Amino acid sequence: PQQKPILLTGASGNLGRVLARELAAQGYTLRLTDLTPFPDDLPPGATFTKADLNDGVTILQLAEGCHSILHFGGASVDLPFEVVLGPNLRGMYHVYEAARREGARVLFASSNHSIGFHERPTGNEAKLDADCAFRPDSFYGLSKAYGELMGRLYWDKHGVENLNVRIGSSFPEPIDARMLSTWLSFQDLARLCAAFIEAPKVGHAVVWGASKNATTFWGADHRDRIGWEPQDSSDAFQDKVGNIFSGNPVVERYQGGGYTGNSYSRSQ
Ligand code: 15L
């Protein structure tokens with residue numbers, strides 16, 4: 001694999017910890033960073049630096065000599081604007097400035113919540129392609145749309161390559177009916193990150209971060225650029241979680257699920 005170091009932000013988070021373990025096992029040299037201490041034993045070849053994404057100087061230092069930045073840091077759930085602002089908007093800028101200066105590429109952990117107000121397909125309707133309009137369902141989702149657009153800007157203006165992964169639901173298992181469509185297994189995520197690092201050319205690309213699920217909301221994207229195909233599937237969980245619904249018609253109508261219903265005040 002690539003011998004230059006890989007910077008992983010959000011390393012102490014649920015997905016960061018999976019990636020630290022899996023990518024270290026594949027032989028990558030990892031620089032891990034997060035605001036909270038890394039809770040596990042450090043994987044072989046990895047270093048950890050506690051840092052705030054608001055601190056641009058430290059992010060620049062951490063990115064020195066790196067091949068790629070896997071950006072999983074920042075607020076990862078539906079939170080108030082003021083909480084999202086620093087890590088997800090200013091922090092995003094620090095990550096891209098560091099990538100530009102180092103000639104590194106960026107994988108951005110975007111989210112289905114950047115497009116969460118698209119309706120779920122019913123029956124045989126066409127699936128949503130990755131070039132669809134942004135329809136954020138929260139300030140969190142809006143920050144993910146902003147992050148994807150920053151990737152667009154840095155590619156067009158500076159040639160910084162970036163892959164924006166609209167992650168569905170990456171958990172050990174799907175836990176409700178919606179997640180049968182949105183589930184991304186940890187192994188598929190790890191394979192996606194490795195494919196990104198090794199791809200000869202990425203440009204600016206957008207990929208749906210979901211496993212090979214029979215029920216899906218999503219269609220065409222740029223996965224061919226990195227040669228990634230998911231191998232896992234939610235299908236085996238159909239019987240277990242296929243009748244777990246929220247009971248809220250707004251939540252069930254839109255792709256973003258629960259986030260669309262939070263503080264929802266539309267009357268028509
Ligand atoms: C996300 O973006 C969140 O990080 C995660 O906690 C889940 O809520 C996921 O989306 C989802 O939509 O299931």
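A polar contact here is a pair of N or O atoms within 3.5 Å; within protein, one must be able to donate a hydrogen and the other to accept it, and residues adjacent in sequence count only if both atoms are side-chain atoms. This is a predicted model, where local features need pLDDT of at least 70, side-chain atom pairs count only at pLDDT 80 or more, and totals for chains, interfaces and linings use all residues. Residues are numbered from 1 along each chain as its sequence is written, and side-chain values use heavy atoms, leaving out hydrogens and water.

View 1. Ser-169 places a polar side-chain atom 2.6 Å from a ligand oxygen. For His-113, a polar side-chain atom lies 2.7 Å from an oxygen atom of the ligand. In the side chain of Tyr-140, an N or O atom is 2.7 Å from a ligand oxygen. The protein buries 80% of the 320 Å² that the ligand exposes when taken alone (Shrake-Rupley method, 1.4 Å probe).

**View 2. The shell around the ligand.**

**View 3. The pocket lining.** Here is the largest pocket, where the ligand sits, with about 1000 Å³ of space. Its lining counts 49 residues, and Leu-15, Ala-75, Ser-76, Val-77 and Tyr-140 lie nearest the centre. Elements that each supply at least two lining residues include α1 (14-25), β5 (105-111) and α4 (139-158).

Definitions and conventions:
On a 1 Å grid over the protein atoms alone, a cavity is a set of points where a 1.4 Å probe fits but cannot get out, and a pocket is an open set with protein on both sides within 12 Å along at least five of seven lines; lining residues have an atom within 4 Å of a point. A molecule sits in a cavity or pocket if more than half of its atoms lie within 2 Å of its grid points. Grid points are joined across faces, edges and corners, and a volume is the space filled by probe spheres set on the points. Helices (H or I, at least four residues) and strands (E, at least two) are DSSP runs, numbered from the N terminus.
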